[in-house]
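Have a look at it alongside me.

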Amino acid sequence: MALRQRIRLVVNGKSVESEVEARMLLSDFLREELELTGTHVGCEHGVCGACTVLVDDLPARSCLMLAAQTDGMRVETVESLASDGNLHPLQQAFWDNHGLQCGFCTPGILMTLAYALRTRPELDDEQEIRRVLSGNLCRCTGYQNIVAAARQAARHMREAAGDAPVVADGD
Ligand code: FES
Ligand code: FES
């Protein structure tokens, strides 16, 4: 008989309680138990970054974590970004800059950037943004528009936070 464990956690601001198989991956828990299918699963080996979510404010590859490990923790998925029908600045910037093609990598990239911009709102340098995204693989875009979107979102978030407007870079 499969070993099961009861877990309590907060997912996208809501308390969740569930009994899971001890070996269930966090990515499967999110997608199959909670029907939060915005978290994509690509390689299932921690390589592609498509499954990136935030666990207690830090980026984590949900294909490498067990759901049971998140007991007592906070998990944020891409579904948490938009609020009250409004896109998050990152989502708006991806829209504005055509920052995706097939979109498979996009949720993981958005969560990686969401973390980066929370902790480093000054982020603007192209090479630094590429370094931040080095663990998120995209087979379609060539990254150029993703970087442009990240820079736009960072500018808009700084402006919204009350910093002096930053000279626009083409938007
Ligand atoms: S699916 Fe998790 S890193 Fe690729
Ligand atoms: S948009 Fe297709 S993998 Fe990134």
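**Notes on the sheet and its helices**

I began with α3, which lies across β3, β4 and β5 and runs at about 40° to β3. Contact here means heavy atoms within 4.5 Å; axes are lines fitted to C-alpha atoms, for helices over the stretch in contact, with angles from 0 to 180 degrees between N-to-C directions. Helices (H or I, at least four residues) and strands (E, at least two) are DSSP runs, numbered from the N terminus.

A reminder on provenance: this is a predicted model, where local features need pLDDT of at least 70, side-chain atom pairs count only at pLDDT 80 or more, and totals for chains, interfaces and linings use all residues. Residues are numbered from 1 along each chain as its sequence is written, and side-chain values use heavy atoms, without hydrogens and water.

Next I traced the sheet: 5 strands, open, mixed in pairing, ordered β2-β1-β5-β3-β4. Its edges are β2 (14-21) and β4 (58-61), each pairing on one side only. Pairing takes at least two DSSP bridges between two strands. The twist averages 40° from one strand to the next.

I then checked β1 (4-11) against β5 (74-76): they run parallel, joined by 2 bridges. Val 10 has Arg 74 of β5 as its bridge partner.

Which residues of α2 (89-96) are buried? I found Leu 90, Gln 91, Ala 93 and Phe 94, buried being under 20% relative accessible area (1.4 Å probe, protein chains only). They share one side of α2 because they cover an arc of only 165° around the axis, taken from the directions from the helix axis to the C-beta atoms. Their cover includes α3 (106-119) and α5 (144-160).

Definitions and conventions
Chains lettered and ligands numbered in written order. Buried < 20%, exposed > 50% of the residue type's maximum accessible area, 1.4 Å probe, protein only.
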